[in-house]
Amino acid sequence: MEAIKELLDASKQQFLDELFELLRIPSVSADPKYKGDVARAAEYVKKKLKDAGADNVEVFPTAGHPIVYGEKIIDEKLPTIVVYGHYDVQPADPINLWTSPPFEPVIKDGKIYARGSCDDKGQVYMHIKAFDLMMKTNTLPCNVKFMIEGEEEVGSAHLGDFVKANKEKLKGSVILISDTSMIANDIPSIDVGLRGLSYVEVEVTGPNKDLHSGVYGGAVANPINILCKMIADMKDENNHITIPGFYDDVLTVSDADRAEMAKAPFSLDAYKKDLAINDVIGETGYSTQERTSIRPTLDVNGIWGGYIGEGSKTVLPSKASAKISMRLVPNQSSEKTTAMFKKYFESVAPACVTVKVMAHHGGEPVLTPTDSIAFKASSMAMEKTFGKKPIPTRGGGSIPIVALFEKELGLKSVLMGFGLDSDSIHSPDEHYGIFNYMKGIETIPYFFKYFTELSK
Ligand code: BES
Ligand code: MN
Ligand code: MN
């Protein structure tokens with residue numbers, strides 16, 4: 001382990017340079033315009049896995065973006081750690097809000113600024129370099145398989161097929177993922193749960209064409225007004241979601257568990273200050289941390305209709321639309337929730353409009369075990385490098401593939417993430433601390449070591 005640390009310190013600049021090269025590739029999975037760049041990023045990951053000493057490294061095409069696979073099998077009798085991550089990134093929009101260009105990484109105040117620096121290229125690259133170091137120092141203690149995909153940010157539509165078709169290839173002992181955050185650099189934590197997602201698009205149609213808002217206004221339904229009211233009605237005065245049955249399957253967290261979670265350090269003042277808000281809002285009876293982890297949500301992600309050009313145009317629009325997401329918690333089901341939403345939304349639409357509900361991708365919520373050797377190994381690894389035992393936390397985001405791995409491969413995941421909530425993932429000026437990058441590379445080999453030892 002000393003040899004790894006020494007080599008890591010000596011390689012710092014090179015490891016940053018290599019990550020920068022990956023960050024310069026705009027691998028935006030959502031936008032077809034970047035298809036070639038996404039493919040380029042896959043090739044780069046492939047090359048770096050090969051250079052580090054992985055075998056059978058391949059870029060697997062899918063109907064969408066490719067999946068990179070590589071492995072190092074040193075002994076069939078030893079455990080196999082399957083590392084999952086994604087090399088695709090969210091769009092950089094709104095681009096004018098970035099202080100420096102999103103695909104021209106720069107270091108400011110010890111942080112790497114670029115789209116994907118934290119989510120998830122920076123965290124994926126930690127694994128490649130940790131593997132590289134274990135290979136160079138002859139200390140890889142077990143087998144490892146890498147599966148790095150290019151469609152996580154658009155719902156991993158084709159990864160499920162890949163997993164189903166390659167069960168033998170992906171056989172392993174545990175899935176290791178660095179794609180989440182910790183409480184703070186001096187308060188390490190490990191997510192032991194993620195929320196699921198149900199995502200719909202709705203369209204409300206009033207008259208068969210846009211109308212003069214003076215000639216018809218007041219007598220004919222305005223679909224934007226109706227849509228806004230329908231959305232507002234989906235929460236009551238306690239910010240409780242009103243869709244019938246919505247909470248039926250929600251796993252109630254015990255008071256004891258809530259009390260335990262509440263011990264995690266959190267400053268509401270700092271939270272508000274960071275976001276420049278005067279107050280928070282959410283479901284009555286739950287704390288801010290609970291609202292973003294153990295409780296489901298309903299949020300409008302985008303809404304459009306009518307005239308939004310320069311100046312004013314008096315128009316009573318024919319259509320209005322919105323994209324709505326619901327974050328789900330154990331044991332809610334994405335499919336069931338989407339169906340519930342559709343039924344409700346259609347049933348409450350007034351006769352003066354027609355509505356359409358279209359389902360987008362979803363994902364299931366998960367809880368990862370805390371009594372497993374994998375969790376123990378990650379806890380020991382972080383304690384070793386941070387000097388503090390990590391706190392188990394529940395993450396608010398979603399990584400749909402985690403539930404799928406469990407279902408298809410029977411494998412549990414460990415969410416050993418090194419980001420911070422304040423890293424602005426999906427936002428302008430996304431960044432990742434050099435401290436976090438280096439700490440991650442240092443910690444991963446300890447996970448390998450402890451997991452192998454505990455598996456004996
Ligand atoms: N890495 C995030 C998920 C995440 C972030 C989990 C922080 C916990 C803490 C991931 O890349 C992501 O953004 N997922 C999407 C999923 C969706 C596109 C299906 C999300 O959560 O919105
Ligand atoms: Mn991610
Ligand atoms: Mn993301």
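User: Which spacing do the donors of the manganese ion (ligand 3) follow along the chain?

Analyst: In this predicted model, the donors of that manganese ion follow the pattern D-x33-E-x272-H. The residues behind the pattern are Asp119, Glu153 and His426, which coordinate the ion at 2.1 to 2.5 Å.

User: Where do Asp119 and His426 lie?

Analyst: Asp119 sits in the loop between strand S5 (111-113) and helix H3 (121-136), and His426 in the loop between strands S20 (419-420) and S21 (431-433), so the pair ties together parts that are 307 residues apart in sequence. Asp119 is buried, because its relative accessibility is 6%, whereas His426, at 39%, counts as partly exposed.

User: How should I read the angles around the manganese ion (ligand 3)?

Analyst: Start from the ideals: 109.5 degrees for four tetrahedral donors, and 90 or 180 degrees for six octahedral ones. Here the 6 donor atoms subtend angles of 56 to 156°, so the arrangement is irregular.

User: Which residue coordinates both manganese ions, ligand 3 and ligand 2?

Analyst: That is Asp119; the two ions are 3.6 Å apart.

User: Now the nonpolar core, please. Which members of the largest one touch the most others?

Analyst: The general idea is that nonpolar side chains tend to be buried together in soluble globular proteins. In this model, the largest core has 64 residues, and Ile81, Tyr437, Phe447 and Phe448 touch the most other members. Helix H12 (434-455) contributes the most, with 10 residues. Tyr437 has contacts that include Phe15, Leu19, Tyr125 and Met126. Another core, of 29 residues, lies apart from this one, and Val250 and Tyr344 are among its members.

How values were computed: Residues are numbered from 1 along each chain as its sequence is written. Chains are lettered from A and ligands numbered from 1 in the order in which they are written. This is a predicted model: local features need pLDDT of at least 70, side-chain atom pairs count only at pLDDT 80 or more; totals for chains, interfaces and linings use all residues. Side-chain values use heavy atoms; hydrogens and water are left out. Donors are N, O and S atoms within 2.8 Å of the metal (3.2 Å for Na, K and Ca); water is not among the atoms, so sites may look incomplete. Four donors count as tetrahedral if all angles lie between 85 and 135 degrees; four count as square planar and six as octahedral if opposite donors are over 155 degrees apart and all others between 65 and 115; anything else is irregular. Helices (H or I, at least four residues) and strands (E, at least two) are DSSP runs, numbered from the N terminus. Buried means under 20% relative accessible area, exposed over 50%, partly exposed in between (1.4 Å probe, protein chains only). A nonpolar core is a set of buried Ala, Val, Leu, Ile, Met, Phe, Trp, Tyr and Cys residues joined through side-chain atoms within 4.5 Å. Contact means heavy atoms within 4.5 Å. Lists of a residue's contacts leave out its neighbours within four places in sequence.
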